[in-house]
Amino acid sequence: MTLDKTAAKYWKANLRIIWICMSIWALVSVGFGILLRPLLSGIRIGGTDLGFWFAQQGSILVFIALIFFYTWYMNRLDREYDVDEQ
């Protein structure tokens, strides 16, 4: 495979994981915290309803988990395409 094709495949994989992470983050923060909050209001967690929990704390925890997942995945992808730091 040529260098240009390898770089293009690496970039495509990188963009794909960015879009997946951003979609999950948007779903959790905007979807669960704002748009779907009335539907989640009957579920209790930590003394409050689930929609409020996602708006105040859950979306932050999911964002931190996404950061760790993205780091792990990109390190794996870097090794796969031989662009990792030596």
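Author: Phe32, Trp53 and Phe54 come together in one aromatic cluster. This is a reading of a predicted model, in which the mean pLDDT is 89 and 98% of the residues reach 70 or more. Helix α3 has the highest mean pLDDT among the elements, 92, while strand β1 (residues 44-45) has the lowest, 84.

Aromatic pairs number seven in total. One of them joins Tyr10 and Tyr81 in an edge-to-face arrangement, with 5.6 Å from centre to centre and 70° between the planes. This pair connects distant parts of the chain, since Tyr10 belongs to helix α1 and Tyr81 to the segment after α3, 71 residues apart. Tyr10 has a relative accessibility of 18% and therefore counts as buried; Tyr81, at 18%, is buried as well.

The pair formed by Phe69 and Trp72 is tilted, because the ring centres lie 5.9 Å apart and the planes meet at 40°. Both residues belong to helix α3, where a spacing of three residues means that about one helical turn separates Phe69 from Trp72. Phe69 is partly exposed at 34% relative accessibility, and Trp72 is also partly exposed, at 45%.

Leaving aside residues up to four places away in sequence, Tyr73 touches Arg16 and Ile17.

The UniProt record, an unreviewed entry, lists residues 17-40 and 52-73 under "transmembrane region". In the model, residues 17-40 are 96% helix and 0% strand, with the end C-alpha atoms 28 Å apart. Residues 52-73 are 100% helix and 0% strand, and their end C-alpha atoms are 30 Å apart.

The whole structure contains one salt bridge, formed by the side chains of Asp49 and Arg37 at 3.5 Å from N to O. The partners lie in distant parts of the chain, Asp49 in strand β2 (residues 48-49) and Arg37 in helix α2 (residues 37-40), 12 residues apart. Asp49 has a relative accessibility of 11% and so counts as buried, whereas Arg37 is partly exposed at 33%.

Technical notes: Residues numbered from 1 in each chain as written. Predicted model: local features only at pLDDT ≥ 70, side-chain atom pairs only at ≥ 80, totals over all residues. Heavy atoms only, no water. Salt bridge = Lys/Arg side-chain N within 4 Å of Asp/Glu carboxyl O. Helix = DSSP H or I, 4+ residues; strand = E, 2+ residues; numbered from the N terminus. Buried < 20%, exposed > 50% of the residue type's maximum accessible area, 1.4 Å probe, protein only. UniProt positions renumbered as here; feature names shortened; annotations may be inferred. Contact = heavy atoms within 4.5 Å. pLDDT = per-residue confidence, 0-100. Phe/Tyr/Trp six-rings, centres within 6.5 Å; stacked < 30°, edge-to-face > 60°.
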